[in-house]
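Student: I have a structure to learn and some questions about it. Can we go through them one by one?
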Amino acid sequence: MEVQEVTHKPLFEGEPIYSMWLRELIRFSAMRSRILATFASPLIWLLFLGIPLSQIFASGGASQSVPGGLPFFAFIVPGIVSMGLLFGGTNSGVTVLWDKEFGFLKEVMVAPVRRTSLMIGRSLGALTIALIQALATIGIALILGTWLGFRIISVAGFFLAMGFMIITFFAFVGFGLTLGALIENTEGFMTIVRMLEFPMFFLSGALLPLTVIKGIPVLYQLQFINPLTYGVDGVRGLLTGVFLLPAWLDLTVIVAFALLFLFLGAYAFSRMEVD
Amino acid sequence: MSILTTEDLTRRVGEPKAVSGLSVPPRVTPDNDRRPILAVSNLSKGFGKVTAVDAINFEVFEGEIFGLVGLNGAGKTTTMLILSSLLNPDSGNATLCGYDVVKEKDSVRRSIGFVFEEEAVDIYLTGKQNLDFAARMYSLPKQEREKRVAEVLKTVGLEQHANAKVRDYSGGMLRRLEIARGMLTSPKVLLLDEPTIGLDVQTRRYLWDYLRRVNKEMGATVLLATSYLEEADYLCNRIAILHEGKIVALNTPEALKGSIGENLITLKVSKGSQEEFAELLIGENLVMPELSKGPQEEFAELLREMPWAKSVESHDGALVLSLMDKSIGIPEIVRLAKTHGFSISSIKSSTPNLNDVLLHYVKKSVEEHDG
């Protein structure tokens with residue numbers, strides 16, 4: 001006789017999800033260095049990479065490469081925002097397994113809560129932090145933009161961009177979870193993750209227009225199998241009004257990528273045992 | 001279907017109270033506690049080529065403090081993780097409060113508290129935040145949550161440090177917090193994996209007394225995995241000795257100690273025997289008496305013939321004699337030696353402790369395995 005589960009959990013476990021979210025935020029606010037990094041990091045990228053790079057384009061020769069007549073600084077801002085989503089999302093996914101290894105998660109795994117609720121709550125916490133960082137980046141960029149030419153095209157565009165950022169973030173949470181499930185040992189784990197993250201970031205059109213490397217077909221093509229390319233383009237298009245790729249393609253690819261990896265990641269996570 | 005199976009009955013009886021009833025622990029009366037709250041049958045689990053748990057069987061009764069003891073790597077933690085539904089066994093099965101640990105994980109989790117061997121609290125949160133967080137995981141209503149958190153903080157004596165970050169806690173405070181977390185939902189079964197590892201004698205004693213209170217006052221059944229034998233001896237009603245994934249002995253601490261004899265006499269026979277003396281005279285005795293197959297071995301054989309000798313073993317150059325009867329002691333042994341011309345250079349009497357018991361059964365298990 002098949003033994004049935006006696007008690008039924010609700011499909012949506014509000015309290016556990018909320019508390020996982022809350023915990024992420026408490027942990028975040030308890031670490032001053034993390035708060036500092038949230039604001040300092042976009043500032044550093046914008047000041048010390050955004051400004052110098054925009055000088056190259058401003059000084060003449062390459063100006064045609066900047067699509068849609070966008071000032072280069074305005075071009076790079078959505079790229080820096082997307083970088084935060086890539087690193088934040090992937091990190092959130094992979095560190096779930098670290099928590100398991102170092103015990104934080106054990107205490108919640110022994111509670112009668114769905115594994116997926118834990119994952120959702122935790123990811124929502126990380127998303128909140130990533131969005132704070134994205135807003136900080138945009139805020140700093142708007143201030144610098146008064147000189148360097150970055151402005152948001154419309155209020156609707158801004159809110160749509162936020163929605164797009166959320167989807168992009170979850171795509172990378174799923175990616176991180178899947179990576180975490182595939183790579184079992186924690187030693188050297190972060191190195192491998194970085195080895196995947198950085199090429200994804202560099203070959204996404206975040207820092208330089210996709211067409212810059214048109215002369216090198218292998219690298220050029222790689223950009224189009226990189227999901228971040230579509231994430232960056234979507235965020236940029238919605239914030240500045242300049243899409244390099246069709247908007248529907250950006251949305252389709254990033255949604256498909258998010259669904260696929262969240263499914264894989266959730267599957268791996270729900271089967272996770274403490275051992 | 002209205003037919004009640006035995007399984008159904010066990011489940012009804014053993015069913016943990018709903019969340020709102022958590023503060024009303026079940027009463028434990030010694031007369032009717034012969035109901036297994038935990039039943040393990042033929043449980044096995046391997047990791048790669050290593051068999052961590054090898055077809056073990058045991059039952060724990062309601063209200064008991066049951067100890068799993070053994071050397072490192074004996075399979076204690078693996079057993080605990082399986083019983084808490086966190087790890088699936090390869091074969092066999094186990095029920096906790098009537099719930100299957102594989103098929104009814106949530107009901108099992110609702111019935112237990114688990115204190116892990118490693119730190120499982122968040123050091124960036126305060127003690128109170130940690131407990132509050134744990135309580136939320138069980139969806140305790142706000143009032144109930146605050147009440148329980150305050151209660152357990154008080155019981156472990158951490159109310160003064162409730163709002164300090166856990167990273168500033170001492171080792172003892174940390175363990176107390178973990179035990180408080182384990183007790184938060186007033187579980188029917190509390191699983192403790194090496195709860196006092198790395199603590200000083202005083203803190204350990206304090207925790208032991210606390211655990212006894214938890215067991216008595218709250219009526220929680222306790223499953224304790226430990227490699228500290230004095231801890232098991234002090235706390236447990238019954239103990240299972242695990243060795244290489246198998247249970248090699250299971251009984252009350254007293255019975256286990258009794259099983260290797262009521263009294264242990266450790267003695268050394270010196271070269272004062274007649275034979276030894278003769279050897280000395282002709283100048284042939286160039287080896288240490290302990291190493292020679294001389295008088296000590298002869299005396300051991302003599303002792304083995306005595307009806308009151310349970311066993312005689314040679315250990316570190318000394319004879320360890322285990323006695324069935326408390327009325328036989330050092331004087332009898334000395335008299336026996338004298339009558340047969342042996343002379344004893346050192347002798348002491350001791351009652352066996354659980355360390356002796358563990359080593360005895362481990363040795364026996366190894367010998368059986370080799371034989």
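Student: How many helices and strands does chain A have?
Tutor: This is a predicted model. From the N terminus on, the elements of chain A read α-α-α-α-α-α-α-α-α-α. The count for chain A is ten helices and zero strands.

Student: What share of the residues of chain A count as buried?
Tutor: A residue is buried if 20 or more other C-beta atoms lie within 10 Å of its own. Chain A has 275 residues. The share of them that count as buried is 43%.

Student: Among contacts in chain A between residues at least 6 apart in sequence, what share join residues at least 24 apart?
Tutor: Take the contacts in chain A whose residues are at least 6 apart in sequence. Then pick those that join residues at least 24 apart. Their share is 81%.

Student: Are α1(A) and α5(A) parallel, antiparallel, perpendicular or oblique to each other?
Tutor: Helix α1 of chain A covers residues 14-30, and helix α5 of chain A covers residues 115-148. Their axes are 7 Å apart and the packing angle is about 40 degrees. Angles under 35 degrees count as roughly parallel, and 65 to 115 as roughly perpendicular. The pair is therefore oblique.

Student: Is the crossing of α1(A) and α5(A) left-handed or right-handed?
Tutor: Residues of α1(A), including A:W21 and A:F28, meet residues of α5(A), including A:L118 and A:I129. By class, this contact has twelve nonpolar, five polar and three charged residues. The crossing of α1(A) and α5(A) is right-handed.

Student: Is the crossing of α6(A) and α10(A) left-handed or right-handed?
Tutor: Helix α6 (residues 155-182) and helix α10 (residues 247-270) of chain A pack at about 40 degrees. Their axes are 7 Å apart. The crossing of α6(A) and α10(A) is left-handed.

Student: Which element gives the most to the side of chain B that touches chain A?
Tutor: The contact takes 29 residues from chain B and 26 residues from chain A. On the chain B side, the elements that give two or more residues are α3 (105-111) and α4 (127-137). The chain B side divides into 13 nonpolar, five polar and eleven charged residues. With five residues, the element that gives the most is α4(B).

Student: In β14(B), which residue is the bridge partner of B:L267?
Tutor: Strand β11 (residues 263-269) of chain B runs antiparallel to β14(B), and six bridges join them. The bridge partner of B:L267 is B:I347.

Student: Is B:C97 buried or exposed?
Tutor: B:C97 sits in the loop between β4 (91-96) and β5 of chain B. Most residues other than glycine have a negative phi. B:C97 is not a glycine, yet its phi is positive, about 55 degrees. It has 24 other C-beta atoms within 10 Å, so B:C97 is buried.

Student: Is B:S139 buried, partly exposed or exposed?
Tutor: B:S139 lies in the loop between α4 and α5 (142-155) of chain B. It too is not a glycine and has a positive phi, of about 50 degrees. With 19 C-beta neighbours inside 10 Å, B:S139 counts as partly exposed.

Student: Is B:E194 buried or exposed?
Tutor: B:E194 is in the loop between β7 (189-193) and α7 (201-217) of chain B. Leaving aside neighbours within four places in sequence, B:E194 is in contact with B:E117, B:A225, B:T226 and B:S227. It has 20 C-beta neighbours inside 10 Å, so B:E194 counts as buried.

Note on methods:
Residues numbered from 1 in each chain as written. Chains lettered and ligands numbered in written order. Predicted model: local features only at pLDDT ≥ 70, side-chain atom pairs only at ≥ 80, totals over all residues. Pairing = 2+ DSSP bridges. Helix = DSSP H or I, 4+ residues; strand = E, 2+ residues; numbered from the N terminus. Axes fitted to C-alpha atoms, helices over the stretch in contact; angles between N-to-C directions. Parallel < 35°, antiparallel > 145°, perpendicular 65-115°, else oblique. Left-handed = near helix turned anticlockwise from the far one by under 90°. Contact = placed C-beta atoms within 7 Å. Nonpolar A, V, L, I, M, F, W, Y, C, P; charged D, E, K, R; others polar. Buried ≥ 20, exposed ≤ 12 C-beta atoms within 10 Å, placed from the backbone.
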